[in-house]
Amino acid sequence: MLRQLASAPRSRKQLADTLRERGCTDEVARAVLDRLEEVGLVDDAAYAATLVRSQQERRGLARRAISQELRRKGVDADVIREQLDTIDDEDERERARALVAKKLRAMHGLDAQVQARRLAGMLARKGYSSAIAWAVIREAIADAPEHQPD
């Protein structure tokens with residue numbers, strides 16, 4: 001288990017599942033995990049903060065997708081809410097703009113409706129709300145040189 005913690009941070013639930021898979025009783029697992037929390041090796045809040053930062057920066061995920069990821073990893077709902085509150089609305093909108101700009105460069109020459117549909121799908125998969133997605137998409141397509149009137 002310490003090897004798992006050394007390779008990457010893990011949530012308490014992930015570690016409990018690992019101990020259960022290895023035949024450890026729930027009582028022993030609880031005692032071990034409590035001790036690891038006491039010494040600071042297991043901290044779901046710190047784990048969630050790290051995951052939020054990395055998923056935003058690396059994958060460009062929005063709050064909804066990050067929330068689902070944290071729930072899947074067994075992080076407590078209060079900790080999830082606390083960490084998601086640290087995400088600024090304007091930062092999220094800027095990430096959506098950057099994702100759209102990058103994807104739009106690869107879709108040069110396609111019809112504006114096709115571009116919009118593909119961009120909306122990409123942003124939806126990354127957890128962006130339809131309001132943010134469509135606002136950013138409309139803005140990007142309107143500003144695209146290929147869609148400017150001659």
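User: What should I know before reading the model?

Analyst: The model is predicted, so local features need pLDDT of at least 70 and side-chain atom pairs count only at pLDDT 80 or more, while totals for chains, interfaces and linings use all residues. Residues are numbered from 1 along each chain as its sequence is written, and side-chain values use heavy atoms, with hydrogens and water left out.

User: How many helices and strands does the protein chain have?

Analyst: Helices (H or I, at least four residues) and strands (E, at least two) are DSSP runs, numbered from the N terminus. Here there are nine helices and zero strands, in the order α-α-α-α-α-α-α-α-α.

User: What does the radius of gyration say about the protein chain?

Analyst: The radius is taken over C-alpha atoms, and the globule rule is 2.2 Å times the number of residues to the power 0.38. For a compact globule of 150 residues the radius would be near 15 Å, but the protein chain has 20 Å. Its C-alpha trace spans about 70 × 25 × 20 Å along the principal axes.

User: What share of the residues is buried?

Analyst: Buried means under 20% relative accessible area, exposed over 50%, and partly exposed in between (1.4 Å probe, protein chains only). Of the 150 residues, 39% count as buried.

User: Which residues of the largest nonpolar core touch the most other members?

Analyst: A nonpolar core is a set of buried Ala, Val, Leu, Ile, Met, Phe, Trp, Tyr and Cys residues joined through side-chain atoms within 4.5 Å. The largest one has 19 residues, and V100, L119, L123, Y128 and I137 touch the most other members. At least two residues of this core come from each of α7 (89-106), α8 (112-125) and α9 (130-143). With six residues, α9 supplies the largest share. Another core, of 13 residues, lies apart from it and includes A48, L51, V52 and L70.

User: With which residues is L123 in contact?

Analyst: Contact means heavy atoms within 4.5 Å. Beyond its neighbours within four places in sequence, L123 is in contact with A96, L99, V100, Y128, A133 and I137.

User: Where does S11 lie, and is S11 buried or exposed?

Analyst: S11 sits in the loop between α1 (2-7) and α2 (12-21). S11 counts as buried because its relative accessibility is 0%. Neighbours within four places in sequence aside, S11 is in contact with D44, Y47, K73 and V75.
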